[in-house]
Amino acid sequence: MPIIDVKVPQLSESVAEATLLQWKKKPGEAVAIDEILIEIETDKVVLEVPAPAAGVMAQIVKNDGELCVSDEVIARIDTEGQTAVSPLEVKPVAAAPAAAAAAPAPAAAGSKSDVYSPAAAKIAADAGISGVAGTGKDGRVTKGDVLGAVAAAASAPAAKAAPAPALSVPASPAVAKPLPAVDVAAPKLSDRPEQRVPMSRLRARVAERLLQSQATNAILTTFNEVNMAPVMEMRKRFQDKFEKEHGVKIGFMSFFVKAAVHALKKFPILNASVDGNDIVYHGYFDIGIAVGSPRGLVVPIIRNADQLSFADIEKTIAGFGQKAKDGKLSLEELSGGTFSISNGGTFGSMLSTPIINPPQSAILGVHATKDRAVVENGQVVVRPINYLAMSYDHRIIDGREAVLGLVAMKEALEDPARLLFDI
């Protein structure tokens, strides 16, 4: 019988194993060639596994949630098999009598049972009641049965016998009447919902790397503020021509990337990384851009950012955003990087202390641009201000380089012409 194996795609060297998410086909169902059978989640990306041939799903070797490695067989397809009988073709009439005979008779109304569900047993013990009629399967006492019994017991005394009236004694005018007792029902803590969901591999990997960064780096953060008016004025002046020429709008991120590269050239230690007892100086500028996705935080890399134009950077960032949304980022796009930028301002953040993305040694945090009162030439004026924060590894980066590097970024943003002349 011609059987074709469905195998795990080749994973990168840095990815030891992956997790199967959810099969889209069941055994016996028809499969078209290149149809997506399942998604595999690594600690970086989610990979789709297409059907290598058309046929019928013959066997699922590994189930949802199981671990797998490169080239491992996870399913088999029968290229000459026939699909299973459709549920519409099954006649349920003939099977109905047998099913009815096999079904257990419901417990008689009013019957007592000593079999309580765990929740019902706890509520009954707290209320001090017993002998509750069970309406569950095989007469099992459910939580609803016990709650109903508790409510009935609470209302029965008041309905059957009213308390005898007290003797009428005239109250002294100097004595205030006591307030009537208020029956405050205790909150039902057992009814509050909770949901326990395991971390995805991507979320677990992000958590691992952040803890690793805090445990291995001597993280310090320096701050500065930048007047974004010159950048905003330049964008407004050239926006229409830029979009018509390049087919993409000019945003703030291309300015931040250019300003970061400008500073990294002046202070190469900000673009370096630690490898054991060595400092590795990178002669290239691969800038990671932190992007939020439905599956978690990812950091795709803009390669050779120093060689790209504003338009190239904007197109690359827009492409990353769409791929992150669709879960289509590749392992190559997420690997490497010499410096990162995190733009919390997209979500309205005013200030933050970003965590270094190892093995990098520095990261720039960008925040929301807001009109704020500042002092210029002895006068209080309103300017669109953005607070910049740069976290750095104090093991190899001294405060001087960190502060001057952030100042270089500030100066480039407040006078964008510096980016043209590299000064």
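**Exercise 1. State how many helices and strands the protein has, and what share of its residues is buried.**

*Solution.* Step 1: the protein has 10 helices and 19 strands; helices (H or I, at least four residues) and strands (E, at least two) are DSSP runs, numbered from the N terminus. Step 2: this is a predicted model, in which local features need pLDDT of at least 70, side-chain atom pairs count only at pLDDT 80 or more, and totals for chains, interfaces and linings use all residues. Residues are numbered from 1 along each chain as its sequence is written, and side-chain values use heavy atoms, with hydrogens and water left out. Step 3: of the 423 residues in the protein, 35% are buried; buried means under 20% relative accessible area, exposed over 50%, and partly exposed in between (1.4 Å probe, protein chains only).

**Exercise 2. Trace the surroundings of Ile341, from its contacts to its strand.**

*Solution.* Step 1: neighbours within four places in sequence are left aside, and contact means heavy atoms within 4.5 Å. Step 2: the contacts of Ile341 include Met253, Phe256, Val257, Ala260, Ile287 and Ile363. Step 3: in strand S16, Ile341 is the bridge partner of Ile289. Step 4: S16 (residues 339-343) runs parallel to strand S12 (residues 287-289), joined by three bridges. Step 5: four bridges join S16 to strand S17 (residues 362-366), again in parallel, and Ser340 stands opposite Ile363 in S17. Two strands pair if DSSP finds at least two bridges between them.

**Exercise 3. Give the strand order of the open sheet of four strands and explain what is found at its edges.**

*Solution.* Step 1: strands of a sheet pair through backbone hydrogen bonds, either parallel or antiparallel. Step 2: the order here is S5-S4-S2-S7, with antiparallel pairing. Step 3: strand S5 (46-50) and strand S7 (67-68) stand at the edges with a single partner strand each, so one side of each has no neighbour in the sheet. Step 4: strand S2 (residues 18-20) is joined to S7 by two bridges, and Thr19 stands opposite Leu67 in S7.

**Exercise 4. Decide for Ser213 and Lys44 whether each is buried, partly exposed or exposed.**

*Solution.* Step 1: Ser213 belongs to helix H4 (residues 201-216). Step 2: its relative accessible area is 0%, so Ser213 is buried. Step 3: Ser213 touches Ile219, Ile355, Ile356 and Pro358, not counting residues up to four places away in sequence. Step 4: Lys44 is in the loop between strand S4 (36-41) and S5. Step 5: Lys44 has 21% relative accessibility and therefore counts as partly exposed. Step 6: Lys44 and Arg203 are 159 residues apart in sequence, yet 9.2 Å apart in space, C-alpha to C-alpha.
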